[in-house]
Amino acid sequence: MRSLSDIFDEYDFLDGDDRYRLLIELGRTLEAMPDALKTDATLVRGCSASVWVYPVPQDDGRLHFLADSNAAITKGIVALVLAAVQDRPAAEVAAMDVAAALAPFDLTRQLSSNRTQGVPNMIALVQDTARRLTAG
């Protein structure tokens, strides 16, 4: 997965339609999530599209996530959120200001509120998972 700063460098250079295409392409790069993991327990609440996020804690304390969405642009937004946290130590993810890391993308200005309304819930799910793992 590309770093968030690399993605932003490209995103910042593009205009509206090309930004949509970039998000769709990012969504296509997500690691495949088995359908068996797409359950009510992994469903992110508050998203206009269906979004599933499944944490896969690694033996070395890093967090890896599998995720998917049934909408292409939303899947790209999920990929953007994961680019901020993927394969980082759980303690780092728990302490991170993910919203601030995503702020340069100004998603609420670039996309409809329907497409971005679930972002805080995705961030909360990722960070709650990280906090649970660091607590023990």
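Student: What should I keep in mind about the model?

Tutor: It is predicted, so local features need pLDDT of at least 70 and side-chain atom pairs count only at pLDDT 80 or more, while totals for chains, interfaces and linings use all residues. Residues are numbered from 1 along each chain as its sequence is written, and side-chain values use heavy atoms, with hydrogens and water left out.

Student: Why is L63 called buried?

Tutor: Buried means under 20% relative accessible area (exposed is over 50%, partly exposed in between, with a 1.4 Å probe and protein chains only). L63 has a relative accessible area of 0%, so it is buried.

Student: What makes V56 and L133 contacts of L63?

Tutor: Contact means heavy atoms within 4.5 Å. Leaving aside neighbours within four places in sequence, L63 has such contacts with V56 and L133, and also with others including P57, V85, D87 and T129.

Student: Where does L63 lie?

Tutor: L63 is in strand β2, residues 62-69. Helices (H or I, at least four residues) and strands (E, at least two) are DSSP runs, numbered from the N terminus.

Student: What makes β1 an edge strand?

Tutor: Two strands pair if DSSP finds at least two bridges between them. Seven bridges join β1 to β2, and these strands run antiparallel. The open sheet has the order β1-β2-β3. β1 (51-57) and β3 (88-89) each pair on one side only, and they are the edge strands. Within this sheet, W52 stands opposite D68 in β2.

Student: How do you know that the length of α3 agrees with expectation?

Tutor: The expected span of a helix is 1.5 Å times one less than its number of residues. The 14 residues of α3 (residues 72-85) should therefore span 20 Å, and the end C-alpha atoms are 20 Å apart, which agrees.

Student: Why is α3 described as largely enclosed?

Tutor: Because 12 of its 14 residues are buried, α3 is largely enclosed by the rest of the structure. Among the buried ones are I73, G76, L80 and V85. After α3 comes D87, with a positive phi near 65°.

Student: What makes up the lining of the largest pocket, by residue class?

Tutor: The lining divides into seven nonpolar residues, two polar and one charged. Ala, Val, Leu, Ile, Met, Phe, Trp, Tyr, Cys and Pro count as nonpolar, Asp, Glu, Lys and Arg as charged, and the others, Gly among them, as polar. α8 gives the most to this lining, with three residues.
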